[in-house]
Amino acid sequence: IAASQPSTNWHVKENARDHHTSKFSSRELIVRRGQAFVITFNGAEEAEQNLTFIVETGPKPSKQTRTQAIFGISSTVSKESWSAVLQSTSSNSVSISISSPPNAVIGRYKLSVQSDSSSSASLGTFVLLFNPWSSGDDVFMPSKAECEEYVLEEFGIIFAGNKNHISSFGWNFGQFQGDILDICLSMLDRSLSYRQDPITDASHRNDPKYLGRVLSAMVNANDDQGVVLGNWSGNYEGGKSPSSWTGSGEILQSWKKSGFRPVRYGQCWVFAAVLTTVLRCLGIPTRTITNFSSAHDADGNLRVDEFYDASGNHLNRAADSIWNFHVWNESWFTRSDLGPSYSGWQILDATPQEESEGIYQCGPASRKAIKEGDVELDYDCPFVFAEVNADCMYWNYDTSTGKKTLIFSQSTTIGQAISTKAVGRDDRVDVTNDYKYEEGSKKERDIFKKARKKLGLEDKFDPTAPTPQEIEQKPDVSGKFKVAGPLQIGKDLDLILVLANLQSDAKTVHINMTAWSTVYTRRPVHGIWKDSVSVTLSPKEEKQFPIKIPYTEYQQQLTTDNTIQVTALCHVEGGIQVLVQRDIALDNPTIDIQVLGEAKVNREVDVEVIFTNPIDTEVTDCVLQVEGSDLLRGILEIDVPPLKAGENSSTKFKLIPFEAGPKHLLVNFSCDKFANIKTFKMVNVTE
């Protein structure tokens, strides 16, 4: 090899096509493990001489930690180790096909070459990723369509709202944009595990379960100055409201630009969406999952306790809570540590809820282990099991004496309508049956008992648990809230409290009602309304009480989650109390996107966004935010003039798409009266 620096042709385009990495916009070679790539370099005048290649990654490359490999030219590809096969030679250049083993450490590698007669010469760097298309890889996914969706798709849909009223919004994962890959790699080098022991950490980067766990900690800011700072207070001063983000790119870029200071603020779907971006970027198939009526069991007893005072106010005094919804991730890989039956989808959760091994991290928990109640298996199965299965206890708490009385308990409310986006379509798929057996079935109760037993809860006396007598008691009156009008911001909220006497003698009932604005975790933020009424119900009688909460009364108190909790605590004379409650998710007004003309690569196309002010006062401070992978770079922000009552606004802008195929445009409109009205539109871009 000549003493001069050899020049390398990485055949970036052809290799990227073979390795499903064409979407990365990088000049550096990015390839997947367990698969060959071809390079050509010159300066090998005596190419027949014995060439030796060296690949190295991590802070202190070595053979022992599998962060270094030294290999010569062989006649065939090795399945077990790095290998090089001669493709062709010419007078001054040589083409080599290099293969990595399917369990190679991922990350950025240095490649150098040496021959008998010279010292080694650097050929440059390349990045190695996981390979779900390769059957030897831990992340191998047999379905090509699923690989496309869970690794290559940059658009996602996240489900929210509540179990009675599921809503959804689009998200731009943007895992192939700009320097996102570099940010993901630097995230690994900023983790606690790397700081404590860089050499060991780097050597574990071949293992998706290791990386998934480390990244579930790095996406939240707790412990390690990670990416996103959580805030569930309802007050988001000093940062952006969690509901205002429409993609991960802006968040990851801000984190890097600020010198890796946590980005303010996130809530569960933000943590889950950012983790999806990072894992898809590295090649681990990943999706977001929404669990409705999700339990946060802080004390590990598979039970959540909620407390109400005599007026029916939901007291914020328990560490346990039941969220309207919670979003986490599933990633696809094998579980060699647990055995083949636990492979497949694994739950990871980057939302900082409870510590695991002293750090805010969660998973990977095998979804199969959750369904079968095998809660003793790694990692964090009891917490995830409780999220979809916990029993709920509702208590009346006397604030003056500290005495608590059980109102009622439920075993079928937690973990409903578990949802994710369909493969290749913008639809919702229900995966509840993959998490548990049918609610109310004997099998489901048996699994719950099995989990309790494994956690040692069956045998030990729990002084905080209700007595069997308390659980068995039957109420004399039943109640429910019915919706009697549109659930829309800007409209009055009309409900009906329906009470029925279940007994054959008359009952006198004193009803205390409250309405609070909440965040989506059902944490009460502002009191909106209260009322009380006494009524006598004759035998078997049903009575209806209409309730109207005017828009003017709730508008100022609403959080950006647009949720209201309505409660009626019914004190039945001579009987047990009855709690009636409902969580209301109000819909924002709608916004419409029109693409005017055909979208073609590198041609301008006009887009129009139309919004009608539905309320009878002017709205001001109107801003439109637009983003979408392959349609525009970065985020477009447009100020929209104020709108009078009932007035229409039309905002036009131009796009120049730079990639063909089905792309998604995401729009977010905000003003002083409505926060984050979101919609998306699929745009078919042709060559």
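Asp-531 counts as partly exposed, because its relative accessibility is 39%; the class lies between buried, under 20% relative accessible area, and exposed, over 50% (1.4 Å probe, protein chains only). The residue sits in strand β27. Helices (H or I, at least four residues) and strands (E, at least two) are DSSP runs, numbered from the N terminus. Leaving aside residues up to four places away in sequence, Asp-531 touches Ile-511, Asn-512 and Met-513. Contact here means heavy atoms within 4.5 Å. Ile-511 is 20 residues from Asp-531 in sequence, and their C-alpha atoms are 8.3 Å apart.

A word on the model. It is predicted, so local features need pLDDT of at least 70 and side-chain atom pairs count only at pLDDT 80 or more, while totals for chains, interfaces and linings use all residues. Residues are numbered from 1 along each chain as its sequence is written, and side-chain values use heavy atoms, with hydrogens and water left out.

Now to the sheet that holds β27. Four strands form an open sheet in the order β27-β26-β29-β30, with antiparallel pairing. Its edge strands are β27 (524-537) and β30 (578-585), each pairing on one side only. Neighbouring strands are turned against each other by 15° on average, direction ignored. Such angles run from 0 to 180 degrees between N-to-C directions, and the axes are lines fitted to C-alpha atoms, for helices over the stretch in contact. Two strands pair if DSSP finds at least two bridges between them. Strands β26 (residues 507-518) and β29 (residues 563-572) pair antiparallel over 10 bridges. Met-513 has Ala-568 in β29 as its bridge partner.

Another open sheet has six strands, ordered β19-β18-β17-β14-β22-β23, again with antiparallel pairing. Here β19 (365-366) and β23 (428-430) are the edge strands, and each pairs on one side only. Helix α8 (residues 268-282) packs on this sheet and touches β14 (286-296), β17 (321-333) and β18 (344-348). The direction of α8 makes about 5° with that of β17. Strand β22 (residues 416-421) runs antiparallel to β23, joined by three bridges. Lys-421 has Arg-428 in β23 as its bridge partner.

Next, the open space. The largest pocket has a volume of about 680 Å³. On a 1 Å grid over the protein atoms alone, a pocket is an open set of points with protein on both sides within 12 Å along at least five of seven lines, and lining residues have an atom within 4 Å of a point. The volume is the space filled by probe spheres set on the points, which are joined across faces, edges and corners. Of the 29 lining residues, Ser-167, Ser-168, Phe-169, Asn-588 and Asn-676 are closest to the centre. Two or more residues each come from β10 (155-162), β11 (165-172), β17 and β37 (677-685). Strand β11 gives the largest share, five residues. The lining divides into 12 nonpolar, 14 polar and three charged residues. Ala, Val, Leu, Ile, Met, Phe, Trp, Tyr, Cys and Pro count as nonpolar; Asp, Glu, Lys and Arg as charged; the others, Gly among them, as polar.

Finally, some backbone details. The Gly-363 to Pro-364 peptide bond is cis, with omega near 0°. Pro-364 lies in the loop between β18 and β19. Asp-378 and Tyr-379 are also joined by a cis peptide bond, with omega about -5°. His-11 is not a glycine, yet has a positive phi of about 45°.

Notes. 1 Å grid on protein atoms, 1.4 Å probe; cavity = no way out; pocket = protein on both sides within 12 Å on 5 of 7 lines; lining within 4 Å.
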